[in-house]
Amino acid sequence: THPVLGVGAFVLIMAGLFYALFSLAQVPMHLIDTAFAALGQWVQTVMPGGLVREMLSDGVIAGIGATVIFLPQICLLFFLISILEDTGYLARAALLMDRVLRPFGLRGHSFLPLLSSHACALPGIMSARCIPDPRERLATILVAPFMTCSARLPVYVLLTTLLFPDRPLLAALAFIGCYALGMVAGVLSALAARRTILRGDSRPLALELPTYKWPSLRTAVISAVDRGWGFVRNAGTNILAICILLWWLGAFPVVAPPARAVELRSQAAEFQRQGFEADADAASNEAAALEAMHARRESFLGHLGRAAEPVFAPLGFDWQLTVGVLASFAAREVFVSTMSVVTTGIDGEGVAEELRTAVRDDGRTPVFTARACWTLLVYYVLAMQCLPTLAVTARESGHVKWALVQLGWMSVLAYGCAWLVGLLLRAGGVA
């Protein structure tokens, strides 16, 4: 609690916690991702082709994997929080941050949930249980998704790379600006909530500072397991249902392949018969890309994108970007892969250049214009595009209405700010 040394120690400890959530959880998260990908591939191999196989591999298994992959961060967060609480430090951290957050209607208890949300909003929202005042706790839950989580990072990397391909310093500054914008929007939204729908006097921060002692590893492990299982039990069913629904929207209706793809398949068979393996693979890959793009465009999700295009047209988005935005409401990180398939027909590494040259239906205008990239950045910083977060918000707040309030406020703010940025860019002559 020293005014200088205490702040320095606080920064180091929180940096260590932040680093642990970003780094230590990556190995188990990667293993879980690999395991579910292998399981989906195994199902594709052993089961006969058909809708059941596709639903199991692309819907059920992918949906469960998208849920379970958050477990390492959730368990690690609550393990570390339990360690800090047992040592007696957590009360001192709350005391230090109280002065910073007080003008925005929050107290020091809110800092750790907001910090944790930079890794993932799910454990951040769940850790808000430590806030004693119900209004402050609810305000913290509502604004936690403004913090830049790891799911946004692929989107930031793609868009800053497209904006500044050969200027890494400017790309880094834009990246930092995204983090700053999210934090500013979060604390200002908390202030607005505390002055309106969550109005009321805040409780004074009264803490009994416990003595320092060695933490209990057993207690920390039990806490981590209990919170992790609670997340899977309470949120898993809703998340799985949502993932299956999105799979269905993207997979149907089943359409015949385009004529060019049929021609390429015939050429590939002929090359294969003649022993030209490289030419056969190239023709097959091009045919697969055309089939994937055609299927996505003619799917219910593609038609939904065309129907919603007028809504997002003021932001500079065409129907392809609209599909990417709509698909990423399930989880932000699917934006890059969705755009890869929709615009180029491929989904893998090295697609940045393909996306840079992708064009709209007129055959001339790039999909990712400079104005579209900037408005997308602002939109993704501020928008609520994570259905698992909404499910956890409804659970932790005790009512689905707060999840709807969160969705509505963040969506309106994201759209309004992105539209304003696009308007200013257009006035400045940026295409």
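Which residues do ring pairs link into a cluster? I found Phe312, Phe317, Phe335, Tyr379, Tyr380 and Tyr415. I paired rings of Phe, Tyr and Trp (its six-membered ring) if their centres lie within 6.5 Å; planes under 30 degrees apart are stacked, over 60 edge-to-face, the rest tilted.

The model is predicted: local features need pLDDT of at least 70, side-chain atom pairs pLDDT 80 or more, while totals for chains, interfaces and linings use all residues. Residues are numbered from 1 along each chain as its sequence is written, and side-chain values use heavy atoms, without hydrogens and water.

**Aromatic pairs.** I counted 11 aromatic pairs. Phenylalanine 10 and phenylalanine 111 make a tilted one, 5.2 Å centre to centre with 45° between the planes. Phenylalanine 10 sits in helix 1 (residues 5–23) and phenylalanine 111 in helix 6 (residues 111–116), so this pair ties together parts 101 residues apart in sequence. Helices here are DSSP runs (H or I, at least four residues), numbered from the N terminus.

I looked up burial next (buried is under 20% relative accessible area, exposed over 50%, partly exposed in between; 1.4 Å probe, protein chains only). Phenylalanine 10 is buried at 6%. Phenylalanine 111 is buried at 19%.

Tryptophan 248 and phenylalanine 300 are stacked, 5.0 Å centre to centre with 20° between the planes. Tryptophan 248 is partly exposed at 39%, and phenylalanine 300 is partly exposed at 35%.

**Aspartate 361.** I found aspartate 361 in the loop between helix 17 (352–357) and helix 18 (370–382). Why does aspartate 361 count as exposed? Its relative accessibility is 53%. Leaving out residues up to four places away in sequence, aspartate 361 touches Arg306 and Trp319 (contact: heavy atoms within 4.5 Å).

Key: Helices (H or I, at least four residues) and strands (E, at least two) are DSSP runs, numbered from the N terminus.
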